[in-house]
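Biologist: I am new to this structure. Please take me through its aromatic rings, with reasons.

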Amino acid sequence: MIIKIGKATTNDLVIDNASVSREHARLLSDKSSNLLEDLGSTNGTFVNDIQILKKQIGSSDRIRFANSDIYTLNDLLHASNDYSEEFDKLKNVYKSYIEEKVKIQSSNQLKTRLLQSLPFALPGIIGVTIGFLGKGNPTLLGISLFITILAPTVGIYMGAKQSAKTPALLQKIADNFKINYVCPKCGAFLGEIPWESLANKKECPACKAKWIKQ
């Protein structure tokens, strides 16, 4: 990516300052390098108040073009309003959220059903056991009846308790999602709209940040 800097309106970063040349400097940027290059300007390009011709710059550097205001690397990278790299990372944010949401719902449904179903099967198992241990034994019969009544009640209670955990777990991941699934420029929450649908819009409807390179 090449970011052109200068006073002329054809630049990506237009600096309205008399001391700045029309085509003052340029930034050559890729995933591993950010090279700032002066283009033979009249009043120079400065990084941390030291005049440079070419220099690799980082996020902490203070950059000035002649007598202009101070800029950062982030300012230069987004001079063309291009936030496509940051927007691309939101694809995994959305994917992870949906996967975690489905996982929580499926897991809790299974646990709820098991807790509610097993106690209903338990009395039957005990009834068979009683048949082997001693037919007509009043004590065993009383225990069997007690479990027959108690076990389903406990199962229903435990199932309801497990089911009640789902909203809290879903709310927790939803809160994190609202923090992370936002426009990389203006920070507006993008809702639960799939990433691919947002990508088709190509830009943020609020701040007009470019989400997809043209």
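Biologist: Why does Y97 count as buried?

Modeller: This is a predicted model, so the values are computed from it. Y97 has 6% relative accessibility. Buried means under 20%, so Y97 counts as buried.

Biologist: How do you know whether F177 is buried or exposed?

Modeller: By the same cut-off of under 20%. F177 has a relative accessible area of 4%, so F177 is buried.

Biologist: What makes the rings of Y97 and F177 a stacked pair?

Modeller: Their centres are 3.9 Å apart, and pairing needs centres within 6.5 Å. Their planes are at 10°. Under 30 degrees counts as stacked, so this pair is stacked.

Biologist: Which parts does the pair tie together?

Modeller: Y97 lies in helix 2, residues 84–133. F177 lies in helix 4, residues 165–180. The pair therefore ties together parts that are 80 residues apart in sequence.

Biologist: Which residues form one aromatic cluster?

Modeller: Y94, Y97, F177, Y181 and F189.

Biologist: How many aromatic pairs does a search of the whole structure find?

Modeller: The search finds 8.

Biologist: Why is the pair of F65 and Y71 called tilted?

Modeller: The ring centres are 5.9 Å apart, and the planes are at 55°. Stacked needs under 30 degrees and edge-to-face over 60. F65 is buried at 0% relative accessible area, and Y71 is buried at 15%.

Biologist: What sits over the ring of F46?

Modeller: The charged end of R64, 4.3 Å from the ring centre. The distance cut-off is within 6 Å.

Methods
Residues numbered from 1 in each chain as written. Predicted model: local features only at pLDDT ≥ 70, side-chain atom pairs only at ≥ 80, totals over all residues. Heavy atoms only, no water. Phe/Tyr/Trp six-rings, centres within 6.5 Å; stacked < 30°, edge-to-face > 60°. Buried < 20%, exposed > 50% of the residue type's maximum accessible area, 1.4 Å probe, protein only. Helix = DSSP H or I, 4+ residues; strand = E, 2+ residues; numbered from the N terminus. Lys NZ or Arg CZ within 6 Å of the ring centre and 35° of its normal.
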